[in-house]
Amino acid sequence: MQRPPPEEFALKETAPKIAGSGKYVGDKLTSTYDLVEQMQYLYVRVAKAKDLPPKDVTGSCDPYVEVKIGNYKGITRHFEKKSNPEWDHVFAFSQDRIQASFVEIVVKDKDVVMDDFIGRILFELIDVPKRVPPDSPLAPQWYKLEDKKGEKLKHGEIMLAVWRGTQADECFSDAWHSDAATVNREGVSKIRGKVYLSPKLWYVRVNVIECQDLIPSDRNKPVEVCVKVALGNQALRTQISPVKTINPIWNEDLVFVAAEPFEEALMLTVEDRGNKDEILGKCLLPLYSVHRRWDNKAVHSKWHNLEKHTVIDGEKKEAKFASRIHLRVCLDGGYHVLDESTNYSSDLRPTAKQIWKPSIGILELGIISAKGLSPMKTRDGRGTTDAFCVAKYGNKWVRTRTIIDSFSPTWNEQYTWEVFDPCTVITIGAFDNGFLHKGSNDSRIGKVRIRLSTLETERVYTHSYPLIALHPSGVKKMGEVQLAVRFSCTSYINMLHKYSQPILPKMHYVHPLSMSQTDRLRHHAIQIVSTRLDRAEPPLRREVVEYMLDVSSHLWSVRRSKANFFRIVNVVSGFVGLIKWFDSICHWTNPLTTLLIHVLFVILILSPELILPTTFLYLFVVGIWRYRRKPRHPPHMDIRLSHADAVNFDELDEEFDTFPTSKGPHEVRMRYDRLRSIGGRIQTVAGDLATQGERFHSLLSWRDPRASALFVTFCLVTAIVLYVIPFQVVALLSVFYVLRHPRFRTKLPSMPASFFRRLPSGADSML
């Protein structure tokens with residue numbers, strides 16, 4: 001695959017006309033939105049009408065209102081047989097697209113053939129007042145309707161308010177917009193901007209202790225009892241009790257995820273696995289009655305009756321004698337319920353608000369615009385994109401309004417979040433609205449992650465971020481999104497203190513969850529969040545939520561494996577470079593440097609108390625020196641680091657394959673063989689590491705009696721020498737030996753290395 005030019009995917013600094021940058025001074029009255037460019041709108045609020053004259057034969061009218069300005073026309077819904085209708089509808093017309101000098105509000109009567117004209121009102125745009133929040137909303141006024149000649153009607157008035165404003169107006173989000181004039185009235189709600197809140201998630205811990213007086217159908221047969229616990233679509237079973245009697249014991253913990261408000265209850269079923277999963281009893285526990293805790297204090301256990309129904313003559317009858325189950329159930333609020341990867345989590349607070357720490361700052365995000373977006377679908381035979389953005393930080397999701405049919409949409413919307421930890425990440429994704437295209441799914445365009453700890457406080461970052469997507473055909477730039485970000489600190493001391501605290505809440509370390517539990521619970525948490533947000537209006541679709549939360553990040557990918565391998569190589573390269581540098585010192589590549597190193601070692605050996613201060617002073621000097629070259633821009637998606645620019649088509653096809661696979665046997669066999677070859681190399685490296693460790697252990701194991709005897713003798717001689725000769729003398733001699741001149745060296749391996757390689761290992765006993 002041909003590598004794309006790196007500058008195509010680079011981060012670009014921009015200079016938008018925003019007040020927050022300090023380079024542009026706009027209308028100070030609208031500086032509340034200082035991270036986005038001001039957009040001027042003409043607002044028309046149609047409140048209601050009264051005493052409308054009848055137009056139908058029945059003596060009534062079916063009124064609605066048209067607001068027309070130039071080529072744009074907005075329409076309210078109509079009322080049947082109502083002369084005093086109330087609409088309370090707001091229209092917003094972008095002043096950049098207005099090519100008229102007046103706005104016309106027309107009241108019409110809905111009819112089958114042709115709508116009848118009732119009356120109208122005209123407003124000259126030059127006379128429209130300007131309103132700037134935080135002023136109170138402009139009060140609507142009554143206006144007499146006029147006929148087409150401009151004469152006042154005897155009957156009919158309409159209550160209106162007309163003003164000029166910006167996107168800072170509180171009516172902006174719920175208004176009808178002129179750039180969505182092609183969307184029908186039912187679809188307008190699907191393209192509006194909204195703020196969503198993730199449901200409050202809890203871990204539900206069920207400690208199954210024991211059962212008492214179970215009644216199996218066959219009492220002469222030993223029972224193999226387990227307990228199945230279900231919460232919605234989550235179901236777990238305990239192990240089969242080692243006590244195979246009617247009083248089994250487990251003392252086993254099962255953990256689930258639940259969301260407020262609690263819509264489901266815990267269902268416990270006691271089963272006899274040795275008798276065709278016979279149900280020995282059931283118990284239903286509503287979550288609202290469960291004890292809540294936010295620390296590791298013990299929860300009181302309770303006995304619960306098990307319900308069991310027996311069938312007699314085809315009828316269900318409840319058993320008179322009830323078995324019991326001993327449980328310890330609680331809602332664990334001391335954990336943070338992970339629904340994101342811990343590598344780029346946006347929230348690390350525990351569930352229980354009682355143990356939240358105060359916020360340390362404010363994060364402000366301005367979603368300004370996008371440009372160069374790729375067509376995501378076809379409409380009327382041409383490519384088009386209906387773009388919107390979603391930003392997620394903490395439990396707050398924001399969604400911009402959808403810009404219809406534009407490859408360079410402009411949003412200019414600003415949002416704010418409280419920050420509780422600087423080492424968190426905000427995720428911004430761009431999507432194509434699928435509702436406007438036969439109700440299909442929302443298509444992903446690309447996303448951006450910004451780590452707050454990489455931002456300087458109080459500085460406004462204005463950059464154009466590349467929207468990069470990986471397709472089966474390769475990596476592709478889908479466009480650019482222009483953002484403005486500012487992280488403001490309210491307590492610098494608290495922010496610095498955060499760096500000394502554990503990343504996750506205390507309960508994750510006091511009573512940790514296993515890796516398999518964490519992965520399973522994260523999967524269920526994502527399902528709960530996506531289901532709840534998909535039920536909102538307008539819905540935040542499941543595919544959008546799963547893409548923002550990286551639901552498939554744990555699946556196998558050859559590309560990701562290679563990328564992680566090269567990341568490890570990059571980390572180790574520093575140590576490798578240090579070893580090469582020291583080797584060049586030992587071989588006197590630069591004699592002057594080698595002599596200086598001799599002097600340095602002599603000073604440190606004669607004054608060992610200087611070693612630690614010198615080391616930390618060196619690190620301080622290096623840090624100050626590198627401050628001049630510190631990164632000036634936040635990080636962005638890197639195709640080289642992700643190994644997306646050099647991946648081949650077969651690896652991409654494997655990455656986009658479903659789980660379980662949908663490929664044919666030939667492709668599966670080929671990929672299995674490739675995985676075996678990769679595993680073989682890993683196996684070889686692991687075997688070499690094990691061999692070196694086993695050789696080290698064999699020094700004193702007397703597996704090789706001659707080698708162990710030599711090593712023991714060497715240890716004795718060395719101990720005597722070190723007792724007799726001062727340590728500083730030994731250290732100086734060792735340094736001079738290691739740094740000896742090349743004419744005193746040989747290309748053969750050293751004696752210790754040759755001795756170590758001759759030691760036995762467990763590889764001799766491997767099949």
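How much accessible surface does the chain have, and what share of it belongs to carbon and sulfur atoms? The accessible surface comes to about 43400 Å², and 57% of that belongs to carbon and sulfur atoms; areas here come from the Shrake-Rupley method with a 1.4 Å probe, and for residues only the protein chains shown count as cover.

This is a predicted model, in which local features need pLDDT of at least 70 and side-chain atom pairs count only at pLDDT 80 or more, while totals for chains, interfaces and linings use all residues. Residues are numbered from 1 along each chain as its sequence is written, and side-chain values use heavy atoms, with hydrogens and water left out.

**View 1. The whole chain, before we zoom in.** The chain has 12 helices and 32 strands; these are DSSP runs numbered from the N terminus, with helices being H or I of at least four residues and strands E of at least two. The C-alpha trace spans about 120 × 90 × 60 Å along its principal axes. Of the 767 residues, 42% are buried, where buried means under 20% relative accessible area, exposed over 50%, and partly exposed in between (1.4 Å probe, protein chains only).

View 2. A pair of aromatic rings is described by the distance of the centres and the angle of the planes. Rings of Phe, Tyr and Trp (its six-membered ring) pair if their centres lie within 6.5 Å; planes under 30 degrees apart are stacked, over 60 edge-to-face, and the rest tilted. By this rule the count comes to 13 aromatic pairs. In one of them, Tyr43 and Trp163 are stacked, at 5.4 Å centre to centre with 15 degrees between the planes. Tyr43 sits in strand β2 (residues 41-50) and Trp163 in strand β9 (residues 152-165), so the pair ties together parts 120 residues apart in sequence. Tyr43 is buried at 0% relative accessibility, and Trp163 is buried at 2%.

**View 3. Tyr393 and Trp417, an edge-to-face pair.** Here the ring centres are 6.4 Å apart and the planes stand at 75 degrees, so the pair of Tyr393 and Trp417 is edge-to-face. Tyr393 belongs to strand β26 (residues 387-393) and Trp417 to strand β28 (residues 410-419), so to speak two distant parts of the chain, 24 residues apart. Both Tyr393 and Trp417 are buried.

**View 4. Glu157 and its neighbours.** Glu157 lies in strand β9 and is buried, at 18% relative accessibility. Setting aside residues up to four places away in sequence, Glu157 touches Lys48, Ala49, Lys50, Leu52, Trp142, Tyr143, Lys144 and Leu145; contact means heavy atoms within 4.5 Å.

**View 5. Two cis peptide bonds.** Glu260 and Pro261 are joined by a cis peptide bond with omega about -10 degrees. Look for Pro261 in the loop between β15 (249-259) and β16 (265-272). The bond from Glu537 to Pro538 is also cis, with omega near 0 degrees, and Pro538 is in the loop between α3 and α4 (542-548).

View 6. Asp380 is not a glycine, yet its phi is positive, near 55 degrees. Asp380 lies in the loop between β24 (377-379) and β25 (382-384) and is exposed, at 74% relative accessibility. Glu458, not a glycine either, has a positive phi of about 70 degrees. The loop between β30 (443-451) and β31 (460-471) holds Glu458, which is partly exposed at 49%.
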